[in-house]
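Please open the structure in the viewer and keep the selection panel at hand.

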Amino acid sequence: MGNIISGSAFAKEAADMVYTESDVKHIVKSIEEGRLLYANLKKTIAYTLAHMVPELCAIMLAFAIGFPIGLSSLQVLSIDLITELPPSIALTYEAGEKDIMCRPPRKATARLVSKALLVYSYIFVGGIISVGCFVSYLFVFWFYEITCRDLFHSNINHWRPNAEILQTSTGKHYTAEMQMTIHGQAKAAWHITYFIFGSVQHGEFPFSNMERKILQLFLHYLLKFAFSIS
């Protein structure tokens, strides 16, 4: 008896996990919960990383090519603290996929933030949202007949109070007040497109049931493929 107790104690000390229940169903449930937690963490990280790209692009416009900034600091704060925070938290409570227990176990060396997740977040989703925001932003300037050539390095002397009069290549003239109005509309266009594209990406926008189902199926299999190769 003493040897058995001693052996059991040594086994417990050497084991990574000690299971005290005799019901196997609890083991299956624990594995399912672990897989769900891992999957939801990856979704939350992917969501957060993807939505950083359009914010960075909006700011890099001013530093890289001298365009008027795409989002103001107040807009960035409102996005990070109001628009994006609740959905990212909600993803951690999302129900698991139906086939979560049919998937093969992930490798012990698998990383939570994998190359596939970074590519999906930064290049695919982040790129699509950024392009959509940039097109909407440019459309506002095009509406006022302000071309991309007019925007290059224009933030040095324009788009602020008491700015110089902007003379475009099409012969238009805009005062400082008009420049502030146009710039405000362009920033609003970026912000609205950011919200719409981000909502569409995660199936949150109120489309019809058929459109939502198609969108969710597409994103489901895209995420499944991206995470399966991680």
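How are α3 and α6 oriented to each other? The model to be inspected is a predicted one. Begin by selecting residues 52-64, helix α3, together with residues 115-143, helix α6. Their axes come within 8 Å and cross at roughly 50 degrees. Angles from 65 to 115 degrees would count as roughly perpendicular and those under 35 as roughly parallel; α3 and α6 are therefore oblique to each other. Viewed as a crossing, the passage of α3 over α6 is right-handed.

Next, display the side chains at this contact. On the α3 side, select V53, P54, C57 and L61. On the α6 side, the residues they meet are S121, Y122, G126, I129, S130, C133, F134 and Y137. By class, the residues of the contact of α3 with α6 comprise nine nonpolar and three polar, with no charged residue.

Now move to helix α2, residues 24-50, and select K29 and E33. What links K29 with E33? The two form a salt bridge, in which the closest N and O atoms are 3.7 Å apart. Both residues belong to α2 and are four residues apart, about one turn of the helix. The count of salt bridges in the model comes to one.

Finally, colour this pair by accessibility. K29 has 45% relative accessibility and so counts as partly exposed. E33, at 40% relative accessibility, likewise counts as partly exposed.

Methods: Residues are numbered from 1 along each chain as its sequence is written. This is a predicted model: local features need pLDDT of at least 70, side-chain atom pairs count only at pLDDT 80 or more; totals for chains, interfaces and linings use all residues. Side-chain values use heavy atoms; hydrogens and water are left out. A salt bridge is a side-chain nitrogen of Lys or Arg within 4 Å of a carboxyl oxygen of Asp or Glu. Helices (H or I, at least four residues) and strands (E, at least two) are DSSP runs, numbered from the N terminus. Buried means under 20% relative accessible area, exposed over 50%, partly exposed in between (1.4 Å probe, protein chains only). Axes are lines fitted to C-alpha atoms, for helices over the stretch in contact, and angles run from 0 to 180 degrees between N-to-C directions. Angles under 35 degrees count as roughly parallel, over 145 as roughly antiparallel, 65 to 115 as roughly perpendicular and the rest as oblique. A crossing is left-handed if the near helix is turned anticlockwise from the far one by less than a right angle, and right-handed if clockwise. Contact means heavy atoms within 4.5 Å. Ala, Val, Leu, Ile, Met, Phe, Trp, Tyr, Cys and Pro count as nonpolar, Asp, Glu, Lys and Arg as charged, and the others, Gly among them, as polar.
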